[in-house]
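Have the sequence and the 3D view ready as you read.

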Amino acid sequence: MVTSRRVLVLNGPNLNLLGKRQPEIYGHETLDDVEAQCRGVADKLELTLDFRQSNAEHELIGWLHGARETVAGIVINPAAYSHTSVAIMDALAACPCPIIEVHISNIHRREAFRHHSYVSHVATGVICGCGTQGYALALHRLAALFEKADQ
Ligand code: CA2
């Protein structure tokens, strides 16, 4: 059953290394810090969070299948799978809820291979280059969409 304000926050490969390498690109916050920020924002917005990370494409897809009938919205940073995975795009396309794609860095200022995202083809909205704050912005956007749908 879809729980009206339940949100899945999904993180793709290597995001478990956040804050431990390449701080000039991704900042100093760890994924645990990002989760704590998300939980703080979610409490204020009265959202229930399911926050996950995996390095395995099949695991991310399995979680998306599970989300199809249980969550009201998805925030996803697909990491490198953004640029390669038709399978994740297809799994997202099967989700009826709003989807906000987040990138910590501005992928359009980086290497050309990062400029295209398969996930953007099926995302409701895309946030990139806002650092880890992008996750909080995405949760605010979902909350606004839920309010609109409830009216
Ligand atoms: O900017 C983003 O959020 C990205 O999704 C991050 C991905 C990258 O492949 C995308 O092009 C843009 C990389 C995630 C790996 O993050 C690391 C963090 C610290 C150290 C090493 C990797």
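## Where the ligand sits

This is a predicted model, and in it the ligand sits in the largest pocket. That pocket has a volume of about 380 Å³.

Which residues lie nearest the centre of the largest pocket? They are Pro13, Asn14, Leu15, Tyr26 and Ala79, out of 18 residues that line the pocket. Sorted by class, the lining has nine nonpolar, six polar and three charged residues.

## Who surrounds the ligand

## Polar contacts and cover

Histidine 83 has a polar side-chain atom 2.7 Å from a ligand oxygen, and arginine 114 places a polar side-chain atom 2.9 Å from an oxygen atom of the ligand. With alanine 80, the backbone takes part instead: one of its N or O atoms lies 3.4 Å from a ligand oxygen. Each of these pairs counts as a polar contact because the two N or O atoms are within 3.5 Å.

How much of the ligand's accessible area does the protein cover? On its own, the ligand has 500 Å² of accessible area, and the protein covers 96% of that.

Methods:
Residues numbered from 1 in each chain as written. Predicted model: local features only at pLDDT ≥ 70, side-chain atom pairs only at ≥ 80, totals over all residues. Heavy atoms only, no water. Polar contact = N/O pair within 3.5 Å; in protein donor to acceptor, adjacent residues only side chain to side chain. Areas by Shrake-Rupley, 256 points an atom, 1.4 Å probe, with all protein chains shown as cover. 1 Å grid on protein atoms, 1.4 Å probe; cavity = no way out; pocket = protein on both sides within 12 Å on 5 of 7 lines; lining within 4 Å. Sits in = over half its atoms within 2 Å of the grid points. Points joined across faces, edges and corners; volume = space filled by probe spheres on them. Nonpolar A, V, L, I, M, F, W, Y, C, P; charged D, E, K, R; others polar.
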